[in-house]
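Colleague: I would like to go through this protein with you. I will ask how you know each thing.

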Amino acid sequence: GDEYRAEEWDPTVFGLDPVPLDAVKADGPAASATIIRQVLVGENGPATRLTLANAATALWVAGAVGSLRQGVERAEEAVRSGTARHLLEQLVRPVS
């Protein structure tokens with residue numbers, strides 16, 4: 001529809017600790033790739049928390065979960081099971 005609403009959330013709504021922006025800064029492609037790998041293996045850290053919050057928001061907006069915390073739980077399961085890593089591998093696979 002044409003309706004929307006603006007909301008502002010803090011990390012507690014997701015059940016996550018805050019993430020200072022400077023904690024997710026990558027100084028180039030190699031550092032960025034390292035951060036992505038850390039997220040995809042479920043390493044607890046600022047980038048993982050930020051990624052979980054973003055994924056939870058997408059799941060909530062899509063109606064796939066009833067709350068942002070449920071979205072975080074679903075995103076954590078996707079990381080834990082390897083589904084998130086597998087999906088990324090599918091997206092970056094060279095096309096023949």
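Colleague: Leaving aside its neighbours within four places in sequence, which residues is Ala53 in contact with?

Modeller: Ala53 is in contact with Phe14 and Leu16. Contact means heavy atoms within 4.5 Å. A caution first: this is a predicted model, where local features need pLDDT of at least 70, side-chain atom pairs count only at pLDDT 80 or more, and totals for chains, interfaces and linings use all residues. Residues are numbered from 1 along each chain as its sequence is written, and side-chain values use heavy atoms, with hydrogens and water left out.

Colleague: What makes Phe14 count as buried?

Modeller: Its relative accessibility is 10%. Buried means under 20% relative accessible area, exposed means over 50%, and partly exposed lies in between (1.4 Å probe, protein chains only). So Phe14 counts as buried.

Colleague: Which residues make up the largest nonpolar core?

Modeller: This core has eight residues: Phe14, Leu16, Leu52, Ala53, Ala56, Leu68, Val72 and Ala75. A nonpolar core is a set of buried Ala, Val, Leu, Ile, Met, Phe, Trp, Tyr and Cys residues joined through side-chain atoms within 4.5 Å. Helices α3 and α4 (68-81) each supply at least two residues of the core. In soluble globular proteins, nonpolar side chains tend to be buried together.

Colleague: How many helices and strands does the protein have?

Modeller: Five helices and zero strands. Helices (H or I, at least four residues) and strands (E, at least two) are DSSP runs, numbered from the N terminus. Along the sequence the pattern reads α-α-α-α-α.

Colleague: How many aromatic pairs are there?

Modeller: The count is two. Rings of Phe, Tyr and Trp (its six-membered ring) pair if their centres lie within 6.5 Å; planes under 30 degrees apart count as stacked, over 60 as edge-to-face and the rest as tilted.

Colleague: Why is the pair of Trp9 and Phe14 called edge-to-face?

Modeller: The ring centres of Trp9 and Phe14 are 5.9 Å apart, and the planes stand at 85°, so the pair is edge-to-face.

Colleague: What makes Trp9 and Trp60 an edge-to-face pair?

Modeller: Their ring centres are 5.5 Å apart and their planes are at 85°, so this pair is edge-to-face. The pair links distant parts of the chain. Trp9 is in the segment before α1 (11-14), Trp60 is in helix α3 (residues 46-61), and they are 51 residues apart. Together, Trp9, Phe14 and Trp60 form one aromatic cluster.

Colleague: Which residues make the nonpolar surface patch?

Modeller: Ile36, Leu87, Leu88, Leu91 and Val92 make a patch of about 480 Å². Patches are made of residues with over 30% relative accessible area and no salt bridge: like charges are joined within 9 Å, nonpolar side chains (Val, Leu, Ile, Met, Phe, Trp, Tyr) within 5 Å. A salt bridge is a side-chain nitrogen of Lys or Arg within 4 Å of a carboxyl oxygen of Asp or Glu. Areas come from the Shrake-Rupley method with a 1.4 Å probe; for residues, only the protein chains shown count as cover. Helix α5 (residues 83-92) gives the most to the patch, with four residues.

Colleague: Why does Val92 count as exposed?

Modeller: Val92 has 60% relative accessibility, so Val92 counts as exposed. Val92 is in helix α5. Glu89 is also placed in helix α5, but with a relative accessible area of 37% Glu89 is partly exposed.
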